[in-house]
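Open the model in your viewer and keep the selection panel at hand. The tour below goes from one selection to the next and says what is found at each stop.

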Amino acid sequence: MTQIQFITHHTERYSYLDAARMALEGGCRWVQLRMKGATAEEIEPVALKVQALCRQYKAVFIIDDHVELAGKLHADGVHLGKNDMPITEARRILGEGFIIGGTANTFEDVWMHHAAGADYIGCGPFRYTATKKNLSPILGIEGYIDILGHMRKADIHLPVVAIGGITAEDIPALMRTGVSGIALSGTVLHAPRPIEEMKRIIGLMQESCQ
Ligand SMILES: Cc1ncc(COP(=O)(O)OP(=O)(O)O)c(N)n1
Ligand SMILES: Cc1ncsc1CCOP(=O)(O)O
Ligand SMILES: [Mg+2]
């Protein structure tokens, strides 16, 4: 499971494609195309371009929410939350060849996604973020320690990716909780030099994993 996942987000400065390109140039090898509020028809042309770029960089390409589109474009996978298609149904449609991620805010969420056959868990939010509306309760470091502890007791070994308001400075403490990876968006897109910021994040991640 790639340790740094970049989630696209619309900003004044960068298009979705520019954002994905900067993340890839900075060394990220897992991109999730998240175009909140856009229809599948609007997402498709952007997805084709981001997918081509991901292939060039040998990066994993995930589409947020849109199962049918992920299948149609042969994306690497799809990420699904509480208000999206159930994971069992997505698996039936996509089959075993696709990565399916599920959002969790509690151990119960993790348990359900595990039972449904998810490949990884996007667990958050770590802290407040303006990137997503209607946030679930903030987890903080303690929240991850608690959820991962319950997972160990239940013998559930899915990769957990922390998400929500995460910055480079949070990486060492978050990785010490036992999460497998970090998903981020705003901290890269709002940095003065996003490519350099992604490089710094990848470096910190490598140090934290030594
Ligand atoms: C890696 C990762 N984790 C969590 C989410 C959130 O998904 P969801 O709860 O469906 O919310 P939206 O992103 O669809 O607004 C994610 N996208 N990626
Ligand atoms: C998609 C999503 N799900 C929970 S928080 C979040 C947004 C992550 O973006 P940022 O790193 O800017 O908080
Ligand atoms: Mg969703």
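This is a predicted model: local features need pLDDT of at least 70, side-chain atom pairs count only at pLDDT 80 or more; totals for chains, interfaces and linings use all residues.

Which elements do the buried residues of α5 pack against? Select residues 107-116, which make up helix α5. Colour F107, D109, V110, H113 and A116, the buried residues of this helix. They pack against α4, β5 (99-104), β6 (120-123) and α6 (140-153). An α-helix has 3.6 residues a turn, so residues three or four places apart point the same way. Then step past the end of α5 to G117, which follows the helix and has a positive phi, near 95°.

**The annotated domain**

Next select residues 6-185. UniProt, in an unreviewed entry, places the feature "domain: Thiamine phosphate synthase/TenI" on this span.

**The annotated binding site**

Select D65 and D84, where the unreviewed UniProt entry places the feature "binding site". They span 20 residues in sequence, yet no two of their C-alpha atoms are more than 6.1 Å apart, so they gather at one spot. Of these residues, D65 is included in the lining of the largest cavity.

Centre on D65 now. D65 sits in the loop between β3 (60-64) and α3 (67-73). Leaving out residues up to four places away in sequence, D65 touches K36, V78, H79, L80 and D84. Draw the distance from the side chain of D65 to that of K36, and you have a polar contact of 2.3 Å.

Move to D84, in the loop between β4 (77-80) and α4 (87-94). Is D84 buried or partly exposed? D84 has a relative accessible area of 24%, so it counts as partly exposed. Beyond residues up to four places away in sequence, D84 touches D65 and H79. The D84 side chain also reaches the backbone nitrogen of G81, at 2.5 Å.

**Ligand 1**

Keep D84 in view and show ligand 1. Of the 13 residues around ligand 1, those that come nearest are Q32, R34, K36, D84 and T103.

- D65: an N or O atom of its side chain is 2.9 Å from an oxygen atom of ligand 1.
- H79: an N or O atom of its side chain is 3.3 Å from a nitrogen atom of ligand 1.
- K132: an N or O atom of its side chain is 2.9 Å from an oxygen atom of ligand 1.

On its own, ligand 1 has 420 Å² of accessible area, and the protein covers 93% of it.

**Ligand 2**

Which residues are around ligand 2? Select R34, T129, T131, K132, I163, G164, G165, L184, S185 and G186. R34 is also among the residues that come nearest to ligand 1.

An N or O atom in the side chain of T131 is 2.5 Å away. A backbone N or O atom of S185 lies at 3.0 Å, and one of G186 at 2.7 Å. The protein covers 92% of the 370 Å² of accessible area that ligand 2 has on its own.

Stay on S185 for a moment. S185 lies in the loop between β8 (181-184) and α8 (186-189). Its relative accessibility is 8%, so S185 counts as buried. Apart from neighbours within four places in sequence, S185 is in contact with F6, I7, T8, H9 and T131. T131 in that list is the residue whose side chain comes to 2.5 Å from an oxygen atom of ligand 2.

**Last stop: Q51**

Finish by selecting helix α2 (residues 40-56) and picking out Q51 in it. Is Q51 buried or exposed? Q51 has a relative accessible area of 5%, which means that it is buried. To see what surrounds the residue, show F61, L73, H74 and A75, the contacts of Q51 once its neighbours within four places in sequence are left aside. For a view across the model, draw a line from Q51 to A162. These two are 111 residues apart in sequence, and their C-alpha atoms are 23 Å apart in space.

How values were computed: Residues are numbered from 1 along each chain as its sequence is written. Chains are lettered from A and ligands numbered from 1 in the order in which they are written. Side-chain values use heavy atoms; hydrogens and water are left out. UniProt positions are given in the numbering used here, feature names are shortened, and annotations may be inferred rather than shown by experiment. Helices (H or I, at least four residues) and strands (E, at least two) are DSSP runs, numbered from the N terminus. Buried means under 20% relative accessible area, exposed over 50%, partly exposed in between (1.4 Å probe, protein chains only). Contact means heavy atoms within 4.5 Å. A residue is near a molecule or strand if one of its heavy atoms lies within 4 Å of it. A polar contact is a pair of N or O atoms within 3.5 Å; within protein, one must be able to donate a hydrogen and the other to accept it, and residues adjacent in sequence count only if both atoms are side-chain atoms. Accessible areas come from the Shrake-Rupley method with a 1.4 Å probe; for residues, only the protein chains shown count as cover. On a 1 Å grid over the protein atoms alone, a cavity is a set of points where a 1.4 Å probe fits but cannot get out, and a pocket is an open set with protein on both sides within 12 Å along at least five of seven lines; lining residues have an atom within 4 Å of a point.
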